[in-house]
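Reader: I am new to this structure and would like to go through it with you. Could we begin with whatever links its parts?

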Amino acid sequence: MMNSLRYLILIVLFPTLTSAAYATGFPAGKNQTTLINGLFYYHANAFWDINRNLSHYDEEGYYHSLSYRVYVEHGLSLNMTGILSAPYTCASFQNLTFAEERCSFGDIEAGLAYRFYYPKQDFMLSAKVLLLLPAYESETSPVPGYGYYGIDAQLVAAGDLLLGERAAYYQIGGGIRSYLETDIWQWIYTASAGISLANNLQLLLELSGRWSESGEVTFNPQNIFINTNFDGHKAGGGLLWMIRPESVGIIAQIYYDYSGSQVAKGRSGNISLLLIF
């Protein structure tokens, strides 16, 4: 069951309001590398205001983005994993009379995950710390992020279990994100689960979200990545198919924004290639 769980726990795709992230509650294993190449699409034609009232963009406006992300996780020891993630995004906002478009790298994420508590084989706690490194200029809209260095720290609880005769896993994680030289503070959570449907095929489920606070109260619904006072929440589901057990898999997922304040309401999807070696 642990091998099946290992594939599931690796793939917690989290296309948040500022990035698409991966999280893992289990270490990769010494000298083992996980490489994920993912393609992500996001589309929004409405937004929630500060009172959670839903409005559509004027003049048939909409925001959309297409991103390619490389994620690498390498086991440095039995309990410590190195993490590196880099996105490249093309995003645009347009309506009947206006259009702007931009392609650039986003925030590169680099850091470590450490498993510090594992009393049983089917449960463990990990801590993860990432540095956020902006790899873009912030003059041209729509910008892919805030343009500041940052730090992300999270705790993750993960485990596996049996649902009848089906192998399953769960993962609950949460933490904070802060950007240097700003007063932006964000609280992030993810709750995910996976169930084995057949040999090498798993169902993936996820709820995730974030709250963001700062002294800047301006809300720009057309440039969703620069807003600093908001909360947004997503629900998602998908499938993981291990084409070659232990080494090659395909992930496909869809997400839906179901609640928020001062944030876009949209839908997203991704397809990714998983390689373990």
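**The disulfide and its surroundings**

Author: This is a predicted model, and the structure holds 1 disulfide.

Reader: Which residues does the disulfide join?

Author: The disulfide joins Cys 90 to Cys 103, with an S to S distance of 2.1 Å. In general terms, a disulfide is a covalent bond between the sulfur atoms of two cysteines.

Reader: Is the link of Cys 90 and Cys 103 right-handed or left-handed?

Author: The link of Cys 90 and Cys 103 is right-handed, with 120 degrees about the S-S bond. Cys 90 belongs to strand S6 (residues 80-94) and Cys 103 to strand S7 (residues 99-105), so the pair ties together parts that are 13 residues apart in sequence.

Reader: What is the relative accessible area of Cys 90?

Author: Cys 90 has a relative accessible area of 27% and is partly exposed. Cys 103 is also partly exposed, at 39%.

Reader: Let us turn to the protein as a whole. How many helices and strands does the secondary structure have?

Author: The secondary structure comes to 1 helix and 16 strands.

Reader: And what share of the residues is buried?

Author: Of the 277 residues in the protein, 51% are buried.

Reader: One last topic: of the contacts between residues at least 6 apart in sequence, what share joins residues at least 24 apart?

Author: For those contacts in the protein, the share is 61%.

Conventions
Residues are numbered from 1 along each chain as its sequence is written. This is a predicted model: local features need pLDDT of at least 70, side-chain atom pairs count only at pLDDT 80 or more; totals for chains, interfaces and linings use all residues. Side-chain values use heavy atoms; hydrogens and water are left out. Helices (H or I, at least four residues) and strands (E, at least two) are DSSP runs, numbered from the N terminus. Buried means under 20% relative accessible area, exposed over 50%, partly exposed in between (1.4 Å probe, protein chains only). Contact means heavy atoms within 4.5 Å. A disulfide is a pair of cysteine sulfur atoms within 2.5 Å.
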